[in-house]
Amino acid sequence: MSRFLIHRALIALLVAITVSIIGFTLLRLSGDLASALAGDTATQAQIANTAHLYGLDRPLYIQYFDWVWKALHGDLGRSLFTNEPVTFLIGQRIGVTVQLSIMSLVFALLIAIPLGVVAATRPNSWIDRASLGLAVLGQGMPNFWFGLILIIVFGVSLRWLPISGTDHFSNFIMPTITLGTSVMPAIMRLTRTGMLDALDSDYIRTARAKGLSTGSVLFKHALRNAILPVVSLTAVSLGFLLGGSVIVESVFALNGIGFLAFQSILRTDFPVVQSIVVFVSFCYILLTLVSDMINAYLDPRIRLG
Amino acid sequence: MTSIERDRVIISSPAPTYEIEIEAPSPHMIMRRRALTHPGFLFGATIVLATVLIALCAPLLTPYDPYAQDLSQRLIPPVWALKGSWAHLLGTDAMGRDYLTRLMYGARVSLTIGFGAAAIAGIIGTSLGLIGGYFGGWVDSVVMYLVNVKLALPGILVALSLIEVFGGSVFSVTLILGVLFWDRFIVVTRSVTQQTRVADYVTAAEAVGASRLRIILGEVLPNVLNHIIVIASLEMAVAILVEAALSFLGLGIRPPTPSWGLMISEGRNFMFFQPYLVAVPGIAILVLVVAINMLGDGIRDITAPEGRN
Amino acid sequence: MSEPQPVLRVEGLSVAIDTPSGTLRAVSDVDLHVDRGETLCIVGESGCGKTMTSLGIMGLLPRRARLSAKRLELEGRDLARLSAKDRAALRGDRMAMIFQDPMTSLNPVYTIGNQMEEIYVRHGKGNQKQARERAEYLLHKVGISAASSRLGQYPHQLSGGLRQRAMVAMTLMCEPTLIIADEPTTALDVTIQAQILHLLDDLQREYHMALILITHDLGVVARMADRVIVMYAGQVVETGTAEEVFSAPRHPYTRGLLDCIPIPGKTRPGAPLGSIPGMVPSLFGPIASCQFRNRCPQAFADCARAPVPLRETGPGRADRCLLPLGTPAQPRRASEALGAAE
């Protein structure tokens, strides 16, 4: 198993390096960053000055290595807009995004897994169809729109929940529901399919033949097998939530890194953008590695080869 | 009949043989029968077709111009509300443009981007999947490495950045989405190719000396085709959702082009008093995406070989 | 020797399965009984209902299947009248089952030891420690060396033969009086098959449990059976002791089955083997005639007129055929070599 994990780790490293290059070049594709920064009315001399100021006149690969070197020492540059260190900006807002992502994931799991298990134990019943219908709805609904509808209904008409700000826990309720419903369907379907396959298998027939209780058959034997791919999907979903929170953060005016990235893109604040893109990617890579490890641990066929 | 001495009998005997004559229906007949009785497929297909027709025939269906502003007719609610009128079935927006018309023309944007992005993603993903799955070895490793890189990148953020750089026309958005969402194509194509590759008929073709390209296109591709169609429909739905989100954020389709996402964004400022401005385009997106998903699932069920029952 | 004590008594067992195309009669009116220390083999081709019969006895039928029986008694206890919970309490304890493929029949994420011990604990036979000791003892008994380390291993770490031995050991945890083995050797290599059968034989000699062996392999029947039941299209078509059925088969289907086996020393090399042409009849709708007549070389008019009753010709000896007793066989494509030995 360790050879398998080392192999995975090496690939992850390679991917991480590639991603950092891509993140680095993303905003520079617009051609001339210097003139964009200098403004529309800048003269040639002013543009050249700006370029030199930000080190944009050096060859690209030098800029890249310079940035990587500094990043490895904890210096991600400064925002072009506020001049604050990028690390500070990210640190300020990462808490909100992480809190939102984790809450959404937990919310999704609390609904998806029980629903998936119940749907699998009663195939084609009303609850099975209802949960599939819910999944279809969740996958089809634009989440920013759902967020707005929630705001209209609960924030304004009913006045139950606050509609913006981050100071209170209740601020996170609607965003969590919004974001959670976008990842819930896939997890539910995977749980359901996994349970259906498990319940159909020979070892469940053996478990029943041994006279084990229903609870033991369902949870000790079937779910334990069905849950393996769900764990992977959960880890991957967390990565996706970290990167995809920009929309929900915009709708609910939450000050997370997604919203920061969005604002920075609009302002061509490339130090911030490239750092956030790379940071989110690294989180995702790390999460997939963790999910591989958990998978390998949970499945004795992989753990013991 | 001779007696059989127990200890001399061979320990294992073959299972008794019998001839079976079954009249099996052709695969096409099976599929057609399934298609006509599958409620999800029928629902999905109907809605999608209706949307396509509406989008194509929009100029014929509505007298209004989606770009024509008439500030004297601003914010008229839909016909079912108090101040609604039959002249504007779904009301008008903040610029006095007929909402139903905007909705119909918006369908063009969604469908174009949806189809286009799915097609581009399909071509890229399927080609890479076929190559990786067929050749294996280091070629496959390269393909998997590309997939991993793509998966690690946060799609929305990258899309936003690229649109900021390249502009928000229908063409560029389609291209950008197509280039960013091919992972599912690769994964499935690659695994199906790997399975097909070791099938006997492919080995036979190789033995006969058929060229690799011919084998890939002639033997492997047909097998992959129905999987591709299913995934294409799913990716189309995703593309429509993502475009809506991008336009909503302001970094997608630029006004005054009617895009459902953009309409929601424009309606946001008024949503507390005129919620229909936000509700209507959202429902349109929801219905279309759900229909496409059901269509895709339906196609998967219909073309599935006899197996899970 | 004491009187044989019947462990299992089944009368009129039927299993019907609801399908979209109608009701399938998987099993029709099966009678059987097994005593302590006795081995009953149920023979037949795939789909003849032998597995459904065993699942019906165990109470493991799939959701859409319905069981009905005039009598279904295990050690005198009426199984049909029990609640599902009480049924489950008997499974693994008084009656146990071994399945065909040991790789898929064991849960891949739990150790062998865990899967064995849970039976013992669940049926209240003792605590975890005692369960472990018993599991180790039984693994050793079925011929698995290094039993204690095997307990901590996972199914994929054992070879096919060892896995099936472990499954056999697993069924013995609570010392049941009835063991049903459904094609226990089909998925194994030929040499391992012999070992497993030998093992079952030894264990039965020691524990005196009733053993029902389900198989399509007549070699297994010849080796293991005290009594035989031949099934076809969900019905019992012949019963008797192994000697009776092998030496003087009455039902044309049984005769056909035996015809298919090449016999060293008797079958001339190069001579055609018997086969049974035709196909199994549909299992939908009520039985209106002999189910075998379409493939029977000796069918006549009466065979099509009405369902054929089971005719008893001796204690435990019966067949479902209208041919008068003593009618010689007329195999369709008999090997001439056999004919010469008459």
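These legends go with close-up views of a predicted model. Local features need pLDDT of at least 70 and side-chain atom pairs count only at pLDDT 80 or more, while totals for chains, interfaces and linings use all residues. Residues are numbered from 1 along each chain as its sequence is written, with chains lettered from A and ligands numbered from 1 in the order in which they are written.

**View 1. Helices α5 and α6 of chain A pack together.** Here α5 (residues 86–121) and α6 (residues 126–140) of chain A sit with their axes 8 Å apart, at an angle of about 140 degrees. Helices are DSSP runs of H or I, at least four residues, numbered from the N terminus; axes are lines fitted to C-alpha atoms over the stretch in contact, and angles run from 0 to 180 degrees between N-to-C directions. That makes α5(A) and α6(A) oblique to each other (under 35 degrees is roughly parallel, over 145 roughly antiparallel, 65 to 115 roughly perpendicular, the rest oblique).

**View 2. A look at the α5(A)–α6(A) contact.** From α5(A) come A:Leu115, A:Val118 and A:Ala119, which meet A:Ile127, A:Asp128 and A:Ser131 of α6(A) (contact means C-beta atoms, placed from the backbone, within 7 Å). Sorted by class, the residues of this contact are four nonpolar, one polar and one charged (Ala, Val, Leu, Ile, Met, Phe, Trp, Tyr, Cys and Pro are nonpolar; Asp, Glu, Lys and Arg charged; the others, Gly among them, polar).

**View 3. Where the two domains of chain C touch.** Chain C splits into domain 1 (1–94 + 176–342) and domain 2 (110–175), with bounds from an automatic or database domain assignment. Their centres, taken over C-alpha atoms, are 31 Å apart. Domain 1 of chain C puts 13 residues into the contact and domain 2 of chain C twelve. On the domain 1 side, helix α8 (residues 190–207) of chain C gives the largest share, six residues.

Notes. Helices (H or I, at least four residues) and strands (E, at least two) are DSSP runs, numbered from the N terminus.
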